Amino acid sequence: MHSVEIRNLDLSFGGLGVLKNLNLDIREGEFLVLLGSSGCGKSTLLNCIAGLLEVTNGQIFINGRNVTWAEPSERGIGMVFQSYALYPQMTVEGNLSFGLRNARMPKAEIEKRVTRAAEILQIEPLLKRKPAALSGGQRQRVAIGRALVRDVDVFLFDEPLSNLDAKLRADLRVELKQLHSRLGNTMIYVTHDQIEAMTLADRIAIMRGGVIEQLTSPDEIYNRPVNKYVADFVGSPS
Ligand code: ADP
Ligand code: MG
């Protein structure tokens, strides 16, 4: 079974097509990178999967269940944004537990999950701090932690590292890869950065103008691009 299936997806803004009859099957447990230049529709696609945008046509399945019209909270997904989207007035602990408290989870269970997430992401010493007192990399860990505590099936990342400097970006790439091996969840990761895609992905989907041009392993994309656009984009030897 596929983790996420997207069938004939159309999404228009004011009559202008942004996603065009898009089809995509994402395997259970894979790290799938959506790679494409700015404006090609990557965030729009991710927002459709997350349920933050209503699709114009088509269907989305998660773990075999049709979630096309399901609320974001009912989809078993966790989203991590470039902008972190943390609550500034709450501590790290408060940010991590917020969704669980809202869902009225028992206190002991919340504590267990927050402790585990903090350990995995190595942010235990930061639990009592507020976001303003954290570095960019630490904030991004907290943002990942918020998805982690919810025990989601699928992680969605929208350019989570693009606000960070090059060194930290490289470090966090390695950590994300380790996180993926440890958790084994399906991860869908949006970026316009070829290096990021090549180092993180099990498979890369190259997007252009609202459609997927090629979907295969980084090695195949690089060595056997389907057309000149893909070749130029990933810098294949000509
Ligand atoms: P990417 O994430 O690949 O950079 P987006 O998915 O953000 O691209 O945007 C794809 C296209 O849709 C762009 O042309 C963008 O201007 C347009 N778009 C995105 N969001 C909206 C919106 N809320 N209203 C109108 N147009 C939008
Ligand atoms: Mg985007």
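**Strands, core and ligand**

User: Which residue of β2 does L11 stand opposite?

Analyst: L11 stands opposite L19. Before we go on: this is a predicted model, in which local features need pLDDT of at least 70 and side-chain atom pairs count only at pLDDT 80 or more, while totals for chains, interfaces and linings use all residues. Residues are numbered from 1 along each chain as its sequence is written, with chains lettered from A and ligands numbered from 1 in the order in which they are written.

User: What makes β1 and β2 a pair?

Analyst: Two strands pair if DSSP finds at least two bridges between them. Strand β1 (residues 2-13) and strand β2 (residues 16-27) share 8 bridges in the antiparallel sense, so they pass that test. One of the bridges links I6 with L24 in β2. The two strands form a hairpin with 2 residues between them, and G14 in the turn has a positive phi of about 50°.

User: Why is β5 called a strand, and why an edge strand?

Analyst: A strand is a DSSP run of E with at least two residues, and a helix is a run of H or I with at least four, both numbered from the N terminus. β5 covers 65-66, so β5 qualifies. An open sheet has 4 strands in the order β2-β1-β4-β5, with antiparallel pairing. Its edge strands are β2 and β5, since each pairs on one side only.

User: Why is R104 called exposed?

Analyst: A residue is buried if 20 or more other C-beta atoms lie within 10 Å of its own, exposed if 12 or fewer, and partly exposed in between, with C-beta atoms placed from the backbone. R104 has 7 such atoms, so R104 is exposed. This residue lies in the loop between α2 (92-102) and α3 (107-121), and its phi is near 60°, a positive value in a residue other than glycine.

User: What makes Q122 buried or exposed?

Analyst: Q122 has 11 other C-beta atoms within 10 Å, so Q122 is exposed too. Q122 sits in the loop between α3 and α4.

User: What makes a group of residues a nonpolar core?

Analyst: The members are buried Ala, Val, Leu, Ile, Met, Phe, Trp, Tyr and Cys residues, joined through C-beta atoms within 7 Å. The largest one here has 66 residues, of which V33, I49, L156, I188 and Y189 touch the most other members. Helix α4 (residues 136-149) gives the most to this core, with 6 residues. In soluble globular proteins, nonpolar side chains tend to be buried together.

User: Which residues are around ligand 1?

Analyst: Being near a molecule takes a C-beta atom, placed from the backbone, within 6 Å of it. The residues around ligand 1 include F13, V18, C40, K42 and T44. Helix α1 (residues 42-50) supplies the largest share of the shell, 3 residues.
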